[in-house]
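Please read the following note with the structure open beside you, and look up each residue as it is named.

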Amino acid sequence: MENGVLDEVYQRLQHTGPERDGWLSNHAPMAAEALVRHGHADQVHAWIDGYRDRLSERPRGIQRISAGEWRDPLGDPVRTGDWLTFFERQLTERPWREVLIQWWPRLLPGVAAGATHGVIRVGHAVRALLDSEQDGTATPARVAELGAGLGYWAARWQPLAPAGKGPYRSSDPRSALDAVPRVPHQRSGIRNRLAQLADLPGWPESAGAVPGDAETNAPDRIAAIVEAAALRFGTHGHGNPVMLVHATTAPNAIARVLPVLPAALWEPSIQAAWAATAAVTSAYSPAEARPMPVRGATDPADLMARGLHDRDSHGIKFIDAALDVHRRTGEQAVLDVATYANDLIVRG
């Protein structure tokens, strides 16, 4: 039943574009996948109804992109329609895993695409595909949603400033995030903020090597980054609640794709997860930490219901990531941070 509802949602959204107003991402398919996964399939269509005024039409193409001539249009948002059609065609001709594995290393250097929403949308789509395969085969609607995520990522492909290769100052991801330097001009949009990384003293050292034990397996290394970013939101999320959500949801999206990837792609995936988290942290962290308000302990069973009630897509996606962390660690603090994050986002 729930799988069928998500397919209905994807079909309902298939003619919508990945953005509106030139930059703002379409969060509907990502939030819908999270709501369905956490038991709210019966209310997801009503949630989409409330989101409807934030949807725009799928952009038209300009010129066909061929499989051998993809480098030039990469990162050109004017070609968004062409990229959507390209991946639609690719996924019709070949299995979705094959397409994903071919394009993952091409797209991964541009992990900042669409304020990291390109990789986040792909992560949600891959999780939905893996869920559907447990019941049989990947459904066409979910394959099409993966194509939309890949197309968006390719159109907004945006590399981060080159990173150095030196060892990081800390082996602990949370301490490493605390040591990431802030960009100096924090009143501009994300493209301008990320552009400042190239001239930021300390940035290469911050982004050049993933903190943590290199001997630890890949899923656990990314999980540690996600956990550190989620908990750090509790003390720094007040600076820019919406944007700092992505320091958690971007690496979590990469974690969701990792099981599909060959081992040769794990290390670059971990590097990209850390770079994305460090970049968002640098771009949006406030100058000073602030303790969270004291509140009663959050019940994990009620957390997504709270996000559904408050209706904000960023709150829903952060809650979704926090529930992933809690499932792995049992840590109560991450649930309390998710409640705080949702409150900040809704108030903001």
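1. A residue is called buried when its relative accessible area is under 20%, exposed when the value is over 50%, and partly exposed in between, with a 1.4 Å probe and protein chains only. At 4% relative accessibility, His-124 therefore counts as buried, and its place is in helix 6, which covers residues 117–134. Helices here are DSSP runs of H or I with at least four residues, numbered from the N terminus, while strands are runs of E with at least two.

2. Before going on, please keep in mind that this is a predicted model, in which local features need pLDDT of at least 70 and side-chain atom pairs count only at pLDDT 80 or more, whereas totals for chains, interfaces and linings use all residues. Residues are numbered from 1 along each chain as its sequence is written, and side-chain values use heavy atoms, with hydrogens and water left out.

3. Which residues is His-124 in contact with, leaving aside its neighbours within four places in sequence? Contact means heavy atoms within 4.5 Å, and on that basis the partners of His-124 are Tyr-10, Met-30, Glu-33, Ala-34, Arg-256, Lys-317 and Asp-320.

4. With neighbours within four places in sequence left aside, Ala-228 is in contact with Pro-173, Arg-174 and Leu-177, whereas the C-alpha atoms of Ala-228 and Thr-16, 212 residues apart along the chain, are separated by 34 Å.

5. Two loop residues have a positive phi without being glycine. Ala-115, with a phi of about 55°, lies in the loop between helix 5 and helix 6 and counts as buried at 6% relative accessibility. Arg-311, with a phi near 70°, is found in the loop between helix 15 (300–310) and helix 16, and this residue is partly exposed, with a relative accessible area of 36%.

6. A nonpolar core is a set of buried Ala, Val, Leu, Ile, Met, Phe, Trp, Tyr and Cys residues joined through side-chain atoms within 4.5 Å. In the largest such core, which has 109 residues, the members that touch the most others are Trp-83, Leu-100, Trp-104 and Leu-146. Helix 14 (residues 266–284) gives the most to this core, with 11 residues. Not counting residues up to four places away in sequence, Trp-104 touches Val-119, Val-122, Trp-153, Ile-254, Val-257, Leu-261, Leu-265 and Ser-269.

7. For pairs of helices, axes are lines fitted to C-alpha atoms over the stretch in contact, and angles run from 0 to 180 degrees between N-to-C directions. The axes of helix 5 (residues 96–107) and helix 7 (residues 140–155) come within 12 Å and cross at roughly 15°. That makes helix 5 roughly parallel to helix 7, since angles under 35 degrees count as roughly parallel, over 145 as roughly antiparallel, 65 to 115 as roughly perpendicular and the rest as oblique. In this pair, Trp-96, Val-99, Leu-100, Trp-104 and Leu-107 of helix 5 meet Val-143, Leu-146, Leu-150, Trp-153 and Ala-154 of helix 7. By class, this contact has 10 nonpolar, no polar and no charged residues, where Ala, Val, Leu, Ile, Met, Phe, Trp, Tyr, Cys and Pro count as nonpolar, Asp, Glu, Lys and Arg as charged, and the others, Gly among them, as polar.

8. Helix 13 (residues 246–257) and helix 16 (residues 313–329) have axes that come within 10 Å and cross at roughly 60°. That makes helix 13 oblique to helix 16, and the residues of their contact comprise 2 nonpolar, 5 polar and 5 charged.

9. How do helix 13 and helix 14 run, roughly parallel or roughly antiparallel to each other? Their axes come within 8 Å and cross at roughly 170°, and the two helices are therefore roughly antiparallel. The residues of this contact divide into 8 nonpolar, 4 polar and no charged.
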